[in-house]
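Reader: Please present the model and then answer my questions on its contacts, with the cut-offs stated.

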Amino acid sequence: MDTFDVLLMNIGQLLTMESDGPRKGTDMKTLPMIENAAIGVKDGKVCFIGKNEEASHIKAEQTIDCEGKLVTPGLVDPHTHLVFGGSREHELALKQQGVPYLEILKRGGGILSTVEATRNATEEELFEKAHFHLNRMLSYGITTIEAKSGYGLDKETEMKQLRVAKQLDEQHHVDIVRTFLGAHAIPASHKDKSDEFLNEMIDLLDLISEENLAEFVDIFTETGVFTVEQSRKYLQIAKDKGFDLKIHADEIDPLGGTELAADLGAVSADHLVGASDIGIEKLANGNTIAVLLPGTTFYLGKKDTARARKMIEEGVAVALATDFNPGSSPTENLQFIMTLAALHLKMTPEEIWNAITVNAAHAINRGNTSGQLTMGREADIVIWDAPNYMYLPYHYGVNHVNRVLKKGETVFQRGEHVERLSLS
Ligand code: NIG
Ligand code: FE
C-alpha cells in the first residue's frame with residue numbers, strides 16, 4: 001500500500017455525514033458516524049475511512065493523534081454577505097431605542113449606508129477586509145461558503161464585490177460560491193422607480209455570466225424593498241439566463257416569498273421567519289432547501305423565529321447559516337448559530353450537524369464535493385477540541401476548533417496565527 005500523506009488516528013467520533021442527497025425532514029435525525037475511527041488522506045483526497053485498529057499498520061508522512069476527540073467534515077456556511085465596506089456599530093443604539101430594521105433602511109441607513117461605504121472602498125480595500133473575515137471563518141471550522149454581492153446597487157460596485165469574492169476564492173483556502181444580489185435594496189437614485197432599477201440589474205446578468213462572476217441570483221423580497229411579483233419576473237429572467245436561484249424570503253413580513261421560491265425551483269429559500277403553512281408544504285414537496293438564519297432573528301431582537309420544527313416534521317431539508325453581514329448578523333461564528341438553532345429553533349444536535357454540512361452544501365450546489373467525508377472526496381476536515389458531537393451546541397460562544405485541514409493540508413491550528421497559514 002502507498003504511504004498516505006496524512007493519517008488521523010484515535011478519533012472518538014468521526015461524523016462522515018455520508019448521504020446520497022440532501023437530508024429531508026425526519027431523515028435529518030440520521031447521523032452517519034464511526035466511533036474509534038481513523039481517516040487517511042492522499043493527494044488531498046480521503047483515501048481511507050475505518051476503525052482505528054484497521055489503520056494501525058498504515059504508514060503516513062504525517063500522523064495526527066486526535067486524542068479521542070470529535071472529527072467532522074469542514075463546515076459549510078451557505079448564506080453570507082462577505083464583501084462590504086465599513087461597519088454599522090452605531091445602529092446598535094438605534095436598535096436599543098426600538099427603531100425597527102426596515103425603518104432604519106427607510107431613513108437611508110442600514111443596507112444603504114453599507115452601500116455608500118462599499119462604493120467608496122477600492123477593490124484592494126474590500127479584498128483586505130473580506131480576507132480578514134474569511135480567515136476568521138476558517139478559524140471557526142468553515143471551509144466552504146456562499147458570498148453575495150448587494151452592497152453596490154450599481155454596475156461598477158456590484159462587479160467589484162463579485163470580483164473580490166472570485167479573487168478570494170482563487171487565493172484563499174476557503175471555497176467561495178458567488179451570488180449576485182443586485183436586487184438587495186432600492187438605491188436613493190431610484191426611489192419610487194424600483195422597476196427601472198430592476199431592469200438595470202437585469203442588464204448586468206449577461207456580463208456577470210460572461211465573466212463567470214456568479215452562479216446564483218438572489219433578491220430581497222420584503223415590504224419596502226421588492227414585491228413578490230417583481231421578484232417572480234426578475235428571478236424568472238435570471239433562471240432563463242442559466243442562473244440558479246436563491247431568495248431572501250419572508251424574513252420580516254410574510255409576503256409569500258417561500259411559495260415563490262418553491263414555484264421557481266430555487267435551490268434555496270432563506271430566512272423564512274414568516275413562511276406560511278402552504279409555503280412549507282411546497283418546500284417539502286419540492287427540492288428547495290430552507291436556509292434558516294437564527295443569528296439574524298437573535299440579533300434583530302425578534303420574538304418570532306423560523307418554524308424549523310414544523311418544516312422538519314413536514315419533510316423539508318433544512319440548512320443553517322450565519323448570514324454574516326454588517327447589519328443584521330455581524331458574526332462569522334457558525335458554532336454560535338448551532339446553539340441558537342438548538343435553543344430558538346428547537347433543532348436536535350443530529351439535525352443541526354446535517355444542517356451545517358450535507359444540507360448546507362446542497363443549498364449552494366456543492367453537495368457532491370463538500371459537507372461529507374467519504375472515499376475520494378476532498379479532505380476538508382475539522383478536528384475539534386470536543387468529546388462528542390452534542391458538545392458543540394451545548395458549550396456556546398467559544399471556538400472549539402483544534403485544527404482545520406483543507407484538501408488534506410493543515411490550514412488552521414489552534415494557537416497558530418491564522419494569517420500565517422491561511423493564504424495558499
Ligand atoms: O440577510 N435582509 C437583507 N439582507 C441581509 C441584511 C443586510 C444588511 O443589513 O446589511 C440579511 O439579513
Ligand atoms: Fe442575507
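Author: A salt bridge is a side-chain nitrogen of Lys or Arg within 4 Å of a carboxyl oxygen of Asp or Glu. By this rule the structure has 24 salt bridges. The model is predicted: local features need pLDDT of at least 70, side-chain atom pairs count only at pLDDT 80 or more, and totals for chains, interfaces and linings use all residues. Residues are numbered from 1 along each chain as its sequence is written, chains are lettered from A and ligands numbered from 1 in the order in which they are written, and side-chain values use heavy atoms, with hydrogens and water left out.

Reader: Which residue forms a salt bridge with Asp 380?

Author: The loop between helix H14 (358-362) and strand S14 (381-384) carries Asp 380, and the pair links it to a residue of strand S15 (residues 401-406), 26 residues apart. Helices (H or I, at least four residues) and strands (E, at least two) are DSSP runs, numbered from the N terminus. The closest N and O atoms are 2.6 Å apart, and the partner is Lys 406.

Reader: Is Lys 406 buried or exposed?

Author: Buried means under 20% relative accessible area, exposed over 50%, and partly exposed in between (1.4 Å probe, protein chains only). Asp 380, its salt-bridge partner, has 7% and is buried. Lys 406 has a relative accessible area of 3%, so this residue is buried.

Reader: How is the chain divided, and what distance separates the centres of domain 1 and domain 2?

Author: The bounds come from an automatic or database domain assignment. Domain 1 covers 4-73 + 372-413, and domain 2 covers 75-363. Taken over C-alpha atoms, the distance between the two centres is 29 Å.

Reader: What area do domain 1 and domain 2 bury between them?

Author: Contact means heavy atoms within 4.5 Å, and it takes 37 residues from domain 1 and 36 residues from domain 2. Buried area is the accessible area (1.4 Å probe) that two parts lose on being put together, summed over both. Of the area between the domains, 64% is on carbon and sulfur atoms, and the total is about 2900 Å².

Reader: Which residues in domain 1 lose the most area to domain 2?

Author: Together they account for 22% of what the domain 1 side buries. The residues are Lys 24, Met 28 and Pro 393.

Reader: Why does the pair of Phe 197 and Phe 226 count as stacked?

Author: Rings of Phe, Tyr and Trp (its six-membered ring) pair if their centres lie within 6.5 Å; planes under 30 degrees apart count as stacked, over 60 as edge-to-face and the rest as tilted. The structure holds eight aromatic pairs. In this one the centres are 6.3 Å apart, and the pair is stacked because the planes are at 10°.

Reader: How many residues apart in sequence are the parts that Phe 197 and Phe 226 tie together?

Author: Both Phe 197 and Phe 226 are buried, each with a relative accessible area of 0%. Phe 197 lies in helix H6 (residues 194-210) and Phe 226 in the loop between strand S9 (216-221) and helix H7 (228-240), so the separation is 29 residues.

Reader: What angle lies between the planes of Phe 298 and Phe 336?

Author: Phe 298 is partly exposed at 40% relative accessibility, whereas Phe 336 is buried at 18%. Their pair is edge-to-face, with 5.5 Å centre to centre and an angle between the planes of 80°.

Reader: Over the ring of which residue does the charged end of Lys 95 sit?

Author: A charge sits over a ring if NZ of Lys or CZ of Arg is within 6 Å of the ring centre and within 35 degrees of the ring normal. The charged end of Lys 246 sits over Phe 216, 4.7 Å from the ring centre. For Lys 95 the distance is 3.8 Å, and the ring is that of Tyr 299.
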